[in-house]
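Try each task before you read its solution.

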Amino acid sequence: MASTLISPMVDYYNDEEELDSVDDDDDRSFRGRDSEEDTEDASETDLAKHDEEDYVEIKEQMYQDKLASLKRQLQQLQEGTLQEYQKRMKKLDQQYKERLRNAGKNMLCFDFDTSMLKTG
């Protein structure tokens, strides 16, 4: 009786058609898993593309904002209303006047020294 039980098993595994059928079923189940993985990969790719698009959009907006700011500063500079420009010009003007005063003092001293030489 034991031999009759083994014989059908051996015949079952030796039957090529049935093995092919089992292989096809396994292939389908693996393909199903691959399909799910592909779907996950595709959605991850879509997310990555969406994130990249958002990043590019944000970078573009930052660029446009900076460009507009620089154009506004250039316009103010050309009009002479840019605060940084006005502060620097005021400082330069003060330094210029201080140097003129010092130069004037130096000239008075120089004139005084030369007049002493002429009279002396």
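**Exercise 1.** What percentage of the 120 residues in the protein do buried residues make up?

*Solution.* Start with the cut-off: buried means under 20% relative accessible area. Buried residues make up 2% of the 120 residues. Next, take the surface. The accessible surface comes to about 11,400 Å². Carbon and sulfur atoms hold 55% of that area.

**Exercise 2.** Find the pattern that the protein follows along the sequence.

*Solution.* Count the elements: there are three helices and zero strands. Now read along the sequence. The pattern is α-α-α.

**Exercise 3.** Which helix has the lowest mean pLDDT, and which the highest?

*Solution.* This model is predicted, so begin with its confidence scores, which run from 0 to 100. The average pLDDT is 75, and 54% of the residues score at least 70. Then go helix by helix. Helix α1 (residues 2-14) has the lowest mean, 48. Helix α3 (residues 83-119) has the highest, 81. Residues 1-10 have a pLDDT below 50. Beyond near neighbours in sequence, that stretch has zero contacts in the model.

**Exercise 4.** Locate the nonpolar surface patch and state which element gives the most to it.

*Solution.* List the members: Leu74, Leu77, Tyr85, Met89 and Leu92 make a patch of about 440 Å². Assign them to elements. Helices α2 (16-79) and α3 each give two or more residues. Helix α3 gives the most, with three residues.

**Exercise 5.** Why does Leu92 count as partly exposed?

*Solution.* Leu92 has 49% relative accessibility, so it counts as partly exposed.

Methods. Residues are numbered from 1 along each chain as its sequence is written. This is a predicted model: local features need pLDDT of at least 70, side-chain atom pairs count only at pLDDT 80 or more; totals for chains, interfaces and linings use all residues. Side-chain values use heavy atoms; hydrogens and water are left out. pLDDT is the predictor's confidence in each residue, from 0 to 100. Helices (H or I, at least four residues) and strands (E, at least two) are DSSP runs, numbered from the N terminus. Contact means heavy atoms within 4.5 Å. Buried means under 20% relative accessible area, exposed over 50%, partly exposed in between (1.4 Å probe, protein chains only). Accessible areas come from the Shrake-Rupley method with a 1.4 Å probe; for residues, only the protein chains shown count as cover. Patches are made of residues with over 30% relative accessible area and no salt bridge: like charges are joined within 9 Å, nonpolar side chains (Val, Leu, Ile, Met, Phe, Trp, Tyr) within 5 Å. A salt bridge is a side-chain nitrogen of Lys or Arg within 4 Å of a carboxyl oxygen of Asp or Glu.
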